[in-house]
Every structure is written in structure tokens, then in C-alpha cells.
Amino acid sequence: MSSNSTKDKVPLGVATCILEILTLTAIATIVRYVSPEISVTTILFFRYVFSMPLLIVIGVIKRGKSLFQVNKKVTLAARTVVGITGLSSYFIAIALIGIGKTIALGQLVTIFITMLAPMMLSEKVGLRRWIAVTAGLIGTIIIINPSHNGWFNFGIFWGLNSAFFSALLNIFLRKLGNTDEPISTALWYNTAGTIFFSGLFLVMNDPLPDHINVWLILISCGILSSFQQFLLAFSRSLAPAIVLAPLQYLAIPISFSIAIYFFNESLGWNFMLGTIIVISSTFYISIRSRFNF
């Protein structure tokens, strides 16, 4: 493929990346909106069940009879467990501490990847990146604000848990990316999530929503999730990671605006300062990783 042909696809890659960020934010907004009345188990049940149809259609078109064929089965199993744990933690955190703080803590993914890379990917991490990791952890402490909230804030725990398992997910996806088709691994993951939360939903005997509007909102969460996964993979196939990486920070102002204006979430000075420090350190790590300086 020529360099001009590649450059021609970059604008579409940027556009789909932004659309993926907006879709992910819409999913978070749905979770925040319904969580006071609907259990997280029920939300996750709808999310997994109704994400399947579109993914199956895309998988059949792309892979046909090889729809569920994968090579690294053990890595896929780890990716599935980590993915389900991370998403569950993400939804629980949104329900407990809101969109703003959950999205801010989610920026720790890059820091956790940097910490795990020497052990799991045999990658060398230099002194400057370790300094950036330390700065990011200090920013996290400022966000947590233990002098006011204490160290054992249940919602903060799930937010940190979500970021940690998202980092593990990125590492396992990187390992799978060289040998297996993303649509096949996504289908295995979502099938496992559907089976797990269907069983959990039945065991916990959670009531189904009694209003059609809530049904439609929960179903849309599942449909949006399948679109989000497709857009994520599609945008990465059109534009280089170095172009798309900075766009991820768009989620911060968008989520903050939604948190403040729609849900009246309180975001104090410590939260803003800590978020700036975390974003700065993750941006630095990201730039150093991509330019190797």
C-alpha cells in the first residue's frame, strides 16, 4: 500500500476513533443513569446479550466457518476473564463514584501497563518512565484525597480495579493480536460474558425492568457496546496509533461535562489537580513509548 493511500485513510481513522470515544461515553452515561434503579448485574446482562447479534453478523461476513477459530486458547481464556472483571469493575465504579472520577482513574491504564510490561512482556522501562509512573501514582493519591475520604473508598477501589484489569487486557490483546483475528476473540469474550451474567442474573433473581423505556435504554447499551468494539478495531486499522492516542484524552472533558451538568457530580480542586498530573504522566509515557526517546 502506498504512503498516499495510507494518508488518505487517516481522516476516516480519526473520525471513527472520535465516534468510538463518544460511543464509550454514551455507554458510561447509560450506566450512570440507570444504576440508581437497576442492579449492575442486570445492566451487564443486557450489555452482553445485546452486543452479540451485530458481532456475530460481522464475524460471519469476515471469517465465515472460521468464526470461532483461535490459536492461543490459554491467552484467550485469560483475556476473557480479565475483560469481564475489568468491565464489571468499570460499571460498578460508575454506579458508586460517577462518570468523572471513573474516567479519570481510567487514565491509569498506561501507568499500569508500564508497571506490568517488564514482567509480562519482557520490555525494558527506563528511569524517566519510572519517574512518570511515580508522578502518576502521586496524582492518583491526590484524586483519592485520603485525608478527606480515607484510603478505603469502595468506589475508588473499583475504579482502580477497572484500570488495572484494563491494563492486563491491553497486554493480552497485544499477545493475541499477532496470531488471532480480533472479531473471533471478541466473540469468545462476549459469549463467555453472556453465559456468565445470564447465570448470575438467574441466580440472583434480579427483577427485570418494568418500564419499556428502561428496556430500550438497556438494550441500546448492548448495541452500542458492539458498535464501540467494532469502531475501536476499525479506527486502529485506518490510522497509526501515534495519531489516535492523543484523541483518547477527549473522553476527559466530555465525561466531566456530563458528570457536572447532567448528574451534578462534585469535582473538587484535588480531583482536577490529580487528573492533570495523571494525564500528563500518561501522555509522557505514551509519547516516549512511541518515539523511543
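Here is a walk through the structure above, from its core out to its surface. This is a predicted model, where local features need pLDDT of at least 70 and side-chain atom pairs count only at pLDDT 80 or more, while totals for chains, interfaces and linings use all residues. Residues are numbered from 1 along each chain as its sequence is written, and side-chain values use heavy atoms, with hydrogens and water left out.

Let's start inside. A nonpolar core is a set of buried Ala, Val, Leu, Ile, Met, Phe, Trp, Tyr and Cys residues joined through side-chain atoms within 4.5 Å; buried means under 20% relative accessible area, exposed over 50%, and partly exposed in between (1.4 Å probe, protein chains only). The largest core here has 59 residues, and those touching the most other members include Ile43, Tyr48 and Phe91. Helix α4 (residues 73-106) gives this core its largest share, 11 residues. Helices, by the way, are DSSP runs (H or I, at least four residues), numbered from the N terminus. There's also a second, separate core of 6 residues, with Leu55 and Leu187 among them.

Now zoom in on Ile43. Leaving aside neighbours within four places in sequence, Ile43 is in contact (heavy atoms within 4.5 Å) with Val31, Val34, Ser35, Ile38, Phe91 and Leu218.

You'll find Ser226 in helix α10 (residues 212-238), and it counts as buried because its relative accessibility is 1%. Not counting residues up to four places away in sequence, Ser226 touches Ser51, Leu54 and Leu55.

Next, the rings. Rings of Phe, Tyr and Trp (its six-membered ring) pair if their centres lie within 6.5 Å; planes under 30 degrees apart count as stacked, over 60 as edge-to-face and the rest as tilted. The structure holds 14 such aromatic pairs. One of them is Phe68 with Trp188, edge-to-face at 5.3 Å centre to centre and 75 degrees between the planes. Phe68 sits in the loop between α3 (52-63) and α4, and Trp188 in helix α9 (residues 182-204), so this pair ties together parts 120 residues apart in sequence. Phe68 is partly exposed, at 35% relative accessibility, and Trp188 is partly exposed at 36%. Elsewhere, ring pairs link Phe45, Phe46, Phe50, Phe201 and Trp215 into a cluster.

Ile18, Leu19, Leu22 and Leu250 make a nonpolar surface patch of about 300 Å². Patches are made of residues with over 30% relative accessible area and no salt bridge, with like charges joined within 9 Å and nonpolar side chains (Val, Leu, Ile, Met, Phe, Trp, Tyr) within 5 Å. A salt bridge is a side-chain nitrogen of Lys or Arg within 4 Å of a carboxyl oxygen of Asp or Glu. Leu22 belongs to helix α1 (residues 3-34) and counts as partly exposed, at 42% relative accessibility.

Note on methods:
Areas by Shrake-Rupley, 256 points an atom, 1.4 Å probe, with all protein chains shown as cover. Helix = DSSP H or I, 4+ residues; strand = E, 2+ residues; numbered from the N terminus.
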